[in-house]
Amino acid sequence: KCCNIINIVEESTLYFADYLKNKNIELIFDTDIEEKMVECDVDKIESVMCNLISNATKFTPEGGSIWVNILDKEDFVEIVVKDTGIGIPKDKIGQVFQKFMRFKDYSKEIEGSGIGLYLVKTIVDMHNGEITVNSEIGKGSEFIIKIPAKIKRTENFTQKII
């Protein structure tokens with residue numbers, strides 16, 4: 001289905017606004033375009049955003065920040081979710097998308113199944129996209145998603161309505 005991915009990402013992000021405000025975590029949403037039509041599954045892209053923002057929320061302390069940025073790169077859309085959380089150890093970055101991989105914040109108990117990032121990667125792959133992560137202990141994490149902006153065209157744009 002052809003959808004405006006900017007709206008999907010923005011609505012998914014704003015879903016967390018009140019919750020983050022109550023946790024004293026700043027949420028910043030920014031985009032360099034208002035509309036970008038791409039072929040995507042709306043529910044699955046919402047799931048990706050909710051997983052990434054939820055993880056950022058779990059690992060970002062009070063007073064921290066979470067940014068969601070969308071950049072138009074012509075052939076693809078780049079979605080960046082960045083936080084000022086605890087970060088991921090360098091030796092674990094290569095494992096973040098493995099099924100049942102869990103990270104610990106030793107300062108508090110964090111619940112999780114360890115399948116969220118695995119599902120995120122699976123969904124991004126399903127959209128012929130790619131996801132990468134940059135992280136530094138004590139400074140935070142940054143997840144970068146690239147979704148192709150190809151739109152499938154059909155010969156006949158009119159649909160017969162019966």
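Select N128 to begin: this residue follows helix α4, and its phi is positive, near 60°. The model is predicted, so local features need pLDDT of at least 70 and side-chain atom pairs count only at pLDDT 80 or more, while totals for chains, interfaces and linings use all residues. Residues are numbered from 1 along each chain as its sequence is written, and side-chain values use heavy atoms, with hydrogens and water left out.

**The whole chain**

The secondary structure comes to 4 helices and 7 strands, and from the N terminus on the elements run β-α-α-β-β-α-β-β-α-β-β. Of the 162 residues, 41% are buried; buried means under 20% relative accessible area, exposed means over 50%, and partly exposed lies in between, with a 1.4 Å probe and protein chains only. Contact means heavy atoms within 4.5 Å. Among contacts between residues at least 6 apart in sequence, 68% join residues at least 24 apart.

**Helix α4 and its cover**

Select residues 116-126, which form helix α4. Which residues of α4 are buried? They are G116, L117, V120, I123 and V124. These residues lie on the same side of α4, because they cover an arc of only 120° around the axis; the arc is that of the directions from the helix axis to the C-beta atoms. What covers them includes α3, β6 (130-136) and β7 (140-148).

**Helix α3 against helix α4**

Two packed helices are described by the angle between their axes and the distance between the axes. Axes are lines fitted to C-alpha atoms, for helices over the stretch in contact, and angles run from 0 to 180 degrees between N-to-C directions. From α3 the contact is made by K44, S47, V48, N51, L52 and N55, and from α4 by G116, L117, V120, I123, V124 and M126.

**The sheet**

Now show the strands of the sheet. In what order do the 5 strands of the open sheet stand? The order is β2-β4-β5-β7-β6, and the pairing is mixed. Two strands pair if DSSP finds at least two bridges between them. Strands β2 (26-31) and β6 stand at the edges, each with a single partner strand, so one side of each is left without a neighbour in the sheet. The twist averages 10° from one strand to the next. Helix α4 packs on this sheet, touching β6 and β7, and its direction makes about 145° with that of β6.

**Strand by strand**

Select β6 together with β7. These strands run antiparallel and are joined by 7 bridges; S135 stands opposite S141 in β7.

Move to β5, residues 76-83, where 6 of the 8 residues are buried. Strands β5 and β7 pair in the antiparallel sense over 7 bridges, and the bridge partner of V81 in β7 is F143.

Finally, select β4, residues 65-72, which runs antiparallel to β5 and is joined to β5 by 7 bridges. L71 stands opposite E78 in β5. The hairpin of β4 and β5 has 3 residues between the strands, and E74 takes a positive phi near 65° there.

How values were computed:
Helix = DSSP H or I, 4+ residues; strand = E, 2+ residues; numbered from the N terminus.
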